[in-house]
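Student: I am new to this structure. Please take a close look at one part of it with me.

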Amino acid sequence: ESLLAQWRTYVPRSVNATLGQAASPSAEAARADVKVDEARVMLETICFPLTRESSTPEQLSSSLGCLLSLNKAHRLFESVLFSPELGIRHHVLSVLLSMLMNSVFQAHRDETVQVMFDIASVDWERFYSGFLQTFLVEIGGLSDSQKGIIATNVSTATDFPTFSKEIIGFA
């Protein structure tokens with residue numbers, strides 16, 4: 001809850017409206033750019049527990065819940081913070097998929113898949129042809145033929161039940 005309160009302090013509605021706009025040299029845009037930087041730091045703070053195996057279940061649940069709440073309230077995953085140019089979308093998806101692959105985080109599987117689904121649903125093509133293919137290349141411990149089999153067995157499902165089943169199977 002405190003992270004959500006801090007988000008509301010750093011990113012008021014007027015700034016949220018500017019997150020999707022291109023930067024311009026005006027003073028107002030410069031202030032919006034500062035707010036975007038502050039929001040990015042806040043987002044990194046929210047996601048930090050997801051990157052640590054030593055995080056408590058409460059921290060993981062709080063981080064995942066916060067991401068879902070921010071997306072619902074502010075369309076976070078459609079904002080400039082999650083634009084492909086910043087690389088945050090790819091990073092967060094990588095962290096989440098790595099969490100699913102790590103048995104330590106299995107208690108948060110459903111929340112993790114929901115966050116992944118919400119991020120992927122912004123741009124399904126970029127998720128399947130961009131992120132997932134890159135993740136397969138970067139993952140260690142698999143031969144090229146194993147990676148090829150995995151890549152061909154993943155459909156491009158856009159409904160939650162199928163997506164969930166396939167992502168869990170992938171992990």
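Student: Start with one side chain and its surroundings. Why does arginine 126 count as partly exposed?

Tutor: Arginine 126 counts as partly exposed because its relative accessibility is 40%. The scale calls a residue buried under 20% relative accessible area, exposed over 50%, and partly exposed in between (1.4 Å probe, protein chains only). A word on the source: this is a predicted model, where local features need pLDDT of at least 70, side-chain atom pairs count only at pLDDT 80 or more, and totals for chains, interfaces and linings use all residues. Residues are numbered from 1 along each chain as its sequence is written, and side-chain values use heavy atoms, with hydrogens and water left out.

Now the partner. Arginine 126 forms a salt bridge with aspartate 123. Their closest N and O atoms are 3.2 Å apart. A salt bridge here is a side-chain nitrogen of Lys or Arg within 4 Å of a carboxyl oxygen of Asp or Glu. Side chains of opposite charge can pair when their charged atoms come close. Aspartate 123 is partly exposed, because its relative accessibility is 27%.

The structure holds three such bridges. Another joins glutamate 78 to arginine 75, with closest N and O atoms 2.7 Å apart. Glutamate 78 is partly exposed, at 46%. Arginine 75 is exposed, at 53%. In a further bridge, aspartate 110 meets arginine 109 at 3.8 Å, N to O. Aspartate 110 is exposed, with a relative accessible area of 53%. Arginine 109 is partly exposed, at 31%.

Helices are DSSP runs (H or I, at least four residues), numbered from the N terminus. Helix α6 spans residues 109–120, and helix α9 spans residues 160–170.

Two packed helices are described by the angle between their axes and the distance between the axes. For α6 and α9, the angle is about 115 degrees and the axes are 10 Å apart. Axes are lines fitted to C-alpha atoms over the stretch in contact, and angles run from 0 to 180 degrees between N-to-C directions.

Methods:
Helices (H or I, at least four residues) and strands (E, at least two) are DSSP runs, numbered from the N terminus.
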